[in-house]
Amino acid sequence: MYRTASGEEIFVIDGHTHFWDGSPANQKNIHGKQFIECFYAYHANLSPPDEKWTLEQFEKYDARTMHDDLFVRGYDDMAILQSTYLTDFYNHGFNTVERNAALKSEYPERFILNGAFDPRDGNKGLEQLHADVEKYKLTGVKLYTAEWRGESKGYRLDDKESYTFLEAAEKLGIKNIHVHKGPTIIPLNKDSFHVGDIDDVATSFQGLNFIVEHCGLPRLDDFCWIATQETNVYGGLAVALPFIHTRPAYFAHVMAELLFWIGPDKILYGSDYGIWTPKWLIDRFMAFEIPEELSKETGAVLTLETKKKILGLNAARLYNIDIDAQKQRIGAAGGYDHLAAAHAAE
Amino acid sequence: MTAVTIADLEAEVWRALETITDPELDESVTDLKFVTGVDVDAGYRVHIGFRLPTYWCAANFSFLMADDMRTAVLQLPWVRSVEVTLGEHMYADKINTGLKEGRSFEETFGEEADGDLVEVRRTFLLKALQRRQAALLAHLIDQGFAPTMLVDLTYHELAALDLDQAGARLVARYLERRPVVAGANAGLAFVDVEGQPLQAETLAAYVRALRRVDVNAEFNSALCRGLLHVRFDTETPLTSRRAKPQDQTQRAPV
């Protein structure tokens, strides 16, 4: 919960978090080592100095640390756990639905659990999706189209097999498809960040929402174009948001573009924990305004209303969260005790 | 060649490498600190070390840059052979072998690439043209040039404009990419990526729209430099394997 200077409470849903194990013990090969080190480079490069972790802390953290970083030290009220397998890189997977489910079972009122599927898994994958939806009551999945699988270095959403899986997911009651646009999609000769496949499936699957994580960065212009065309395409701010610290002028441009093209109702906050932590991201976001000159030019203003939408209201709508009821649940589990203590101390 | 030392030859190689850009960032591979070392042996064989911000950087761009470096250095008349070695990359072995054997991107990657790099190279040359054009137009408008004059300006008139140092550099950078768009209006200084003339009344809006391309590029550039720094400590000047200190950013002209 974020509380403004005037005492107004803002309910925060973190759209993108991970409970991963990237430790050397779990690394299967050099790729596993390079993968977590690449994430660490993002963390070390874009975090303020006093928010930096050691590589060892970063490789694997425990449930308690994550809980406290998000909900006690940070302002998150709820967080969406995005599952990512990477079984070619990690012995027991990077961030599996089982691992995430175990975390959720400790703090059920705090987490929304999303699964994953990979169209290259064929019938076995469809059966697994069915079982996972039944077991974990999933309403969302995270797709990592750049995942390596044997000889394959990735897939596209507009592949025939992807259609089969999206049809199955929709039938099973999945509503939200989070897509990470990664850099290693085949064929290698093409512009591998291209978001064109999202356009295709968003048109074909009107009953699904497509949340494009990282707003298609670095192809913000392409992303804005398709998101404007499609009513069911959303932008996730993970990775864009930390630029608020290192490159505030750049972040202002991104926000101005997003607000101008896709509007305040289709942008979702995400910390990408453990790459970044909610405390500093939200402190800076709440203090942030789009510079006057840019506002004049684009008409984009980051009002308190807009910030509330981005931080929680939009995700609540996508995931059917009744905010008042959820606050009750979190409060009943002692989730706001630290706030009461802090207010009493003031 | 008694007067020419190995260090002179290496400096020549560095100058040739300065002209090679990262297609996406539109910045020199030496400014970006992607080149880790240049080595010329007694047989006039050149060895170039090359690194990237992450293990996962796109294979196509990695190959393009390495191939461009090899081609540029091969133009130097004394060079017998060029070996470019990419380090710590997911496709390092494949790319290094492909380059060593003088194979094309398609030959190197086989089925993983379903065509050559012509299309993606052109896409990014066009983006580079747009960025350079936006920067130049913004500068000229700022300097008081009227939109009506700018849209009619010919290629040669632009080249002959008397500008300050910053302006001259923007013109040089722009003219370097101007030929990417050929066509009927090739004589005009400024056209859009379709080769159409610009309109005076909408010029300001046109420049603003191009800035979106620039916003992407700025994100990329900042990220790439930052990631490279975390990975390799780019603050410490590189030392050539021949023990002559070689600071890529502050080399005196030879």
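Biologist: Is Asp118(A) buried or exposed, going by its relative accessibility?

Modeller: Buried means under 20% relative accessible area, exposed over 50%, and partly exposed in between (1.4 Å probe, protein chains only); at 5% relative accessibility, Asp118(A) counts as buried. This is a predicted model, in which local features need pLDDT of at least 70 and side-chain atom pairs count only at pLDDT 80 or more, while totals for chains, interfaces and linings use all residues. Side-chain values use heavy atoms, with hydrogens and water left out.

Biologist: Which side chain meets Asp118(A) in a salt bridge?

Modeller: A salt bridge is a side-chain nitrogen of Lys or Arg within 4 Å of a carboxyl oxygen of Asp or Glu, and here Asp118(A) meets Arg149(A) at 3.2 Å, N to O. The two residues belong to distant parts of the chain, 31 residues apart. Arg149(A) counts as partly exposed, at 21% relative accessibility.

Biologist: What other salt bridge does Arg149(A) form with Glu147(A), and at what distance?

Modeller: The closest N and O atoms of Glu147(A) and Arg149(A) are 3.4 Å apart, and Glu147(A) counts as buried at 5% relative accessibility.

Biologist: How many salt bridges does the structure hold over all chains?

Modeller: The structure holds 29 of them over all chains.

Biologist: Which side chain of opposite charge is nearest to Glu59(A)?

Modeller: Lys and Arg count as positive and Asp and Glu as negative, while His and the chain ends are not counted; for Glu59(A), which is buried yet has no salt bridge, the nearest side chain of opposite charge is Lys33(A), 7.7 Å away.

Notes. Residues numbered from 1 in each chain as written. Chains lettered and ligands numbered in written order. Helix = DSSP H or I, 4+ residues; strand = E, 2+ residues; numbered from the N terminus.
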